[in-house]
Amino acid sequence: MATASPVQPETLRTLPTDAARQVQWGFADRFDLQMLVQATRAVARGPVARLVANGGRNSHEWTDGKASLLEAFDEAGITAVFMNPEEGGLFAGPKNLALALVAFELSWVDGGAATASLAGCLALAPIHERGTPEQQSHYMKLAAPAQPGEDRKPLRGAFCLTEPIPYVGVDTGMLNGKVRIVEWKDGEEPLLQVEKRGRFITNIGFANFVTAAVDSDDERIKGSCMVILEEGDPGVFDRGTPTRKMVHQLSSTGDPIFNLRVPATRIIGGYEIKDGVLIPRFNHSEIIEAVFRRTRVTVGVMTAAKLLSAVEPVIRYQRGRFRGAETASPGSVRYELGLQARQDSLHRLADVWATGEASASLGFAAARAFDELDPLEKEMETLYVGRGIVGAKAKMKLLREAADRAGALLQLPTGDARRGALKSELLLRFVALDSLADVLCPAAKLWNTGCGAQMMREAVSLMGGYGITEDCPGFLGNKWMDAQLEATYEGPEAVQRRQLSVTMTNPVFVAQFRSWIREMRSIASEHPGTGACALATAMTMWLWTLDHLQHSKDADGGKLYQSARQGVTFPLADALCWLLAARCQILDVLRLEREGAADSSIAEGLSGLVNFLSDLCHVQSARASGEVARICAELVFGYNRHPAWDEQGTRGCWHEDELDSLEGIMPGINSYGFDIIGRDGSHPKKAGPCVTCPGESPFLSLQTKLAGCLTGSRLAKDRAAEAISKIMIPEALDYPV
Amino acid sequence: MSNVYHIVVCAGIVPDPLQTLEPITTPTGPALKNEMMLPAVLDPWSGHALYEATNLAAHFPGSKVWLVSAAPKAKLQQVMMNVAQKASFELIPIDVPANGFADAHSVAKILGEAIQTIAGLDRSRLLLFGGWESASRGAGVTMQLVGERLGIRDQFQGVDQLTVQNDGSLEILERIEGGRHLVSTCQGPPALLGWATGNLPEPKNNPQVGMANMRAIMPALQKAKPASLFQNVRYVSVTPPKQQRQTRVVKDRSVDEIAAELAEWIVQS
């Protein structure tokens with residue numbers, strides 16, 4: 001009797017198209033962004049790729065070739081992305097997603113090109129976020145490319161925060177840059193003398209202006225501030241020597257020295273005079289907090305692009321690996337599949353791909369969150385004015401009250417009508433989104449770059465020796481090195497972990513996180529193939545661990561969850577990032593499935609694409625769950641002292657005599673006993689009696705449950721691997737090598 | 001006002017030439033494997049026609065360019081995200097499931113009908129542009145058929161250059177054998193020009209041009225009328241161009257020796 005063979009689910013046929021990515025990453029309805037992507041791509045895969053292929057990275061100097069990229073950025077609208085239309089920009093509204101897409105496209109080819117483009121925005125960001133209206137109008141307009149009828153070159157900027165500390169390196173918290181008043185005539189603007197040395201300052205090779213952080217060196221100036229320095233200001237504007245960096249060579253980096261005289265109107269955000277003291281409206285910390293909060297997201301997206309860009313070159317290399325050899329004749333498995341005949345090659349590529357998907361999803365989710373937050377921040381400013389709330393303390397009080405209310409509402413069941421206030425009330429919307437942005441930004445920066453750098457090494461290794469040559473298609477070796485810089489600049493990993501260790505305990509965030517567990521379970525019931533259920537269990541475990549650590553002490557009575565105890569807080573922050581990335585990945589695939597069917601250009605093959613991406617979600621969820629289980633187990637158990645073979649440690653152990661006496665009453669009990677102390681005091685050869693964990697038993701239950709939740713994850717990986725071996729790729733890479 | 005042109009460019013879309021193009025047989029005839037899932041570009045030959053059209057319009061104020069394209073609407077929208085940044089034009093989209101194997105007569109019919117409905121088009125000023133070939137299959141007759149339907153007698157194919165003379169006549173260079181051109185002069189519009197590569201580079205993307213274009217393109221795409229194609233052509237067999245690959249692993253040979261052997265092989269092939 002013939003048996004029906006099971007129907008194979010449809011799977012991936014081609015690499016994901018632009019249309020699919022637009023839906024996945026939430027800009028299918030934004031043709032302005034879609035055009036920006038195309039314009040940026042043309043620059044990335046044209047002039048940028050040609051420059052890299054021609055050895056443009058082999059120099060620390062700012063060359064004509066590198067400078068020509070700036071003009072290409074101007075022509076393609078990349079420079080103008082940061083500006084509003086009235087300033088010469090392309091479109092109004094928030095720019096976070098737009099900048100993330102620019103970073104993604106440029107980094108697909110070269111991270112340094114992306115940095116060169118984004119550093120200009122970074123220089124403008126202090127002015128954009130906290131500048132006076134006059135400063136904003138002046139610098140934003142001049143930094144925009146020339147408009148029709150204008151004959152000028154756009155101003156280029158550099159952001160100067162870090163500075164050298166002798167024999168040590170850099171410190172962003174301590175400012176050695178100084179500002180003092182050198183002239184202050186009655187009724188006139190004070191004149192300032194600014195001394196600043198910078199370290200690793202991007203764009204300095206060509207910048208016309210610099211936004212620099214300085215501290216007061218004058219009792220007539222209060223605290224720190226940021227000032228705008230211009231190339232033509234009287235004094236020293238020394239660009240310094242180019243940094244001999246081994247990465248991102250298409251961007252200019254150096255250690256400049258400034259000693260310039262500028263009017264006080266250059267203080268970013270302005271100032272007021274009180275009792276003869278000049279008080280800047282914003283100190284440098286307030287400004288950089290507002291700046292880095294946004295710009296770090298784009299860095300995370302850059303590393304995501306590297307991983308996804310590696311997929312096609314690796315597939316092509318694997319398939320063609322043996323072609324041309326005498327033993328590989330056309331039509332043979334060796335000829336057609338090459339290294340892809342081996343499961344390991346496919347599985348490892350699936351890991352790279354899954355990580356790329358997760359990091360892109362996390363990065364773009366963060367960018368979208370800031371796009372949503374930006375207008376809310378402006379509305380909040382109006383609200384403060386309307387309610388007559390002035391001063392940081394009064395604002396904090398209002399926000400704290402709102403946070404308490406939001407936290408309480410978030411704990412209500414999903415269908416409860418009272419939760420509607422979370423969407424309708426500005427204050428509640430703001431605190432909820434703000435708490436989320438506070439987590440997503442450092443998470444995207446930390447996880448995408450750190451984990452991305454490790455996975456880029458994996459991608460390079462999949463190319464064999466070819467991977468670490470200049471001839472490697474896709475410049476994968478460069479990208480691996482570049483990823484390491486991305487993990488470091490704009491706030492190294494420790495800074496991101498430090499921020500997360502604070503923001504992830506915000507009750508409003510925790511309440512949202514708790515609701516995500518329910519969300520993942522619900523998704524799992526309808527899309528079991530995504531790994532959402534395993535993720536929900538891992539999220540539960542993380543939350544339990546956080547709560548446990550916040551209320552527990554170590555073996556010496558030391559508090560576990562506290563600011564100084566980075567051995568506790570930092571790994572837990574890492575664990576959270578794994579969860580966030582995997583969740584965002586699942587949500588993006590579901591969006592694609594939900595909205596993709598309406599787009600006829602992706603409707604064909606959509607189910608195959610969704611099936612494949614769901615399998616990658618499952619792969620990533622399993623990996624994330626495993627990481628979370630490992631980290632949490634170490635934290636939960638690692639701070640207890642292991643029992644020893646001493647009196648206290650053996651208090652719960654059986655003694656041989658006791659068991660012998662019980663044997664008569666309970667025959668066989670001897671065989672159930674372990675950690676038995678012999679008559680002569682001997683004991684099993686191991687570190688000590690096995691640990692009993694009455695307080696941690698819920699954790700052990702979760703651990704057991706999580707292990708079971710991984711069921712099917714390897715089958716998903718097998719399916720993804722098989723799909724990768726069959727996917728149709730272009731004949732050649734669309735940029736030179 | 002004498003040298004004002006109404007330029008209509010007919011342009012299809014084709015899969016990105018870098019993609020793997022594998023013909024397959026479907027119940028409705030031949031097609032390319034996964035064609036709907038491959039990224040598409042404006043047919044390169046038509047692209048040259050478009051860039052020449054916008055360049056001509058820029059030199060003669062008052063002139064206007066329309067781009068008429070018969071293609072799956074959603075795919076066309078993706079292509080426009082790039083093309084709309086390169087030139088200013090008004091899009092006349094026709095939503096049809098066209099591919100490289102569509103019947104040229106059928107495509108010509110719907111293109112011709114669409115052109116006839118363009119509001120404000122002055123047929124006495126009409127220059128009908130298109131590619132003399134297509135990167136998809138290259139039937140090479142579609143433009144002639146559209147011209148016939150519109151009653152345009154002055155037709156030129158393989159055009160590389162159009163120069164407007166002082167008296168308003170058009171000097172046209174058409175490709176002929178041996179890398180030479182046939183020089184013709186016609187009195188003026190209406191005329192049909194099937195472009196080869198022309199002389200202009202592909203314009204760089206200009207998002208501001210794109211933003212301006214898209215304000216009209218998106219509504220046009222949303223309103224695009226679906227049309228259907230008839231298929232009178234029957235394909236007996238379809239094969240892609242043959243790739244010839246002869247690889248040998250050679251060691252201990254100088255670069256000059258290898259180059260000499262390659263040159264000899266090329267001459268023989």
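Colleague: Let's start with chain B. How many helices and strands does chain B have?

Modeller: Chain B has 6 helices and 13 strands. Keep in mind that this is a predicted model. The C-alpha trace of chain B spans about 70 × 50 × 40 Å along its principal axes.

Colleague: What share of the residues of chain B count as buried?

Modeller: Of its 269 residues, 42% count as buried. Among contacts in chain B between residues at least 6 apart in sequence, 77% join residues at least 24 apart.

Colleague: Now the backbone angles. Which residue of chain B has a positive phi although it is not a glycine?

Modeller: Here is the general idea: most residues other than glycine have a negative phi, and most peptide bonds are trans. In chain B, look at B:Asn34, whose phi is positive at about 60°. B:Asn34 sits in the loop between strand S4 (29-32) and strand S5 (40-42) of chain B.

Colleague: Why does B:Asn34 count as buried?

Modeller: B:Asn34 counts as buried because 20 other C-beta atoms lie within 10 Å, and 20 or more is the cut-off for that label.

Colleague: And the peptide bonds? Which residues does a cis peptide bond join in chain B?

Modeller: B:Pro189 and B:Pro190 are joined by a cis peptide bond, with omega about 0°. To find the place, go to the loop between strand S11 (181-186) and strand S12 (191-195) of chain B, where B:Pro190 lies.

Colleague: Let's move to chain A. How do strand S12 and strand S13 of chain A run, parallel or antiparallel?

Modeller: They run antiparallel: 4 bridges join strand S12 (residues 271-274) to strand S13 (residues 277-280) of chain A. In this pairing A:Tyr271 stands opposite A:Pro280 in S13(A). The two strands form a hairpin with 2 residues between them. A:Asp275 lies in that turn and has a positive phi of about 50°.

Colleague: Is A:Asp275 buried or exposed?

Modeller: A:Asp275 is exposed, because it has 6 C-beta neighbours inside 10 Å and the label applies at 12 or fewer. A:Ser332 is exposed too, with 12 other C-beta atoms within 10 Å. You will find A:Ser332 in the loop between helix H7 (284-320) and helix H8 (333-337) of chain A.

Colleague: Helices next, please. What should I look for in helix H12 of chain A?

Modeller: An α-helix has 3.6 residues a turn, so residues three or four places apart point the same way. Helix H12 (residues 426-461) of chain A has 36 residues and reaches 50 Å from its first C-alpha to its last, close to the 52 Å expected at 1.5 Å a residue. H12(A) bends by about 30° at A:Ala453. H12(A) is also mostly covered, with 30 of its 36 residues buried.

Colleague: What does the domain assignment of chain A give?

Modeller: The assignment gives domain 1 (18-151), domain 2 (158-284), domain 3 (292-640 + 707-726) and domain 4 (656-692). The centres of domain 3 and domain 4 of chain A, taken over C-alpha atoms, are 48 Å apart.

Colleague: Finally, how many residues of chain A are in contact with chain B?

Modeller: In general, the size of an interface is often given as the accessible area lost when the parts come together. Here we count residues: 29 of chain A are in contact with 26 of chain B. H2(A) gives the most to the chain A side, with 8 residues. By class, that side has 12 nonpolar, 9 polar and 8 charged residues.

Technical notes:
Residues numbered from 1 in each chain as written. Chains lettered and ligands numbered in written order. Predicted model: local features only at pLDDT ≥ 70, side-chain atom pairs only at ≥ 80, totals over all residues. Contact = placed C-beta atoms within 7 Å. Nonpolar A, V, L, I, M, F, W, Y, C, P; charged D, E, K, R; others polar. Domains from an automatic or database assignment. Pairing = 2+ DSSP bridges. Expected span 1.5 Å × (residues − 1). Bend = angle between axes of the 7 residues up to and from the residue.
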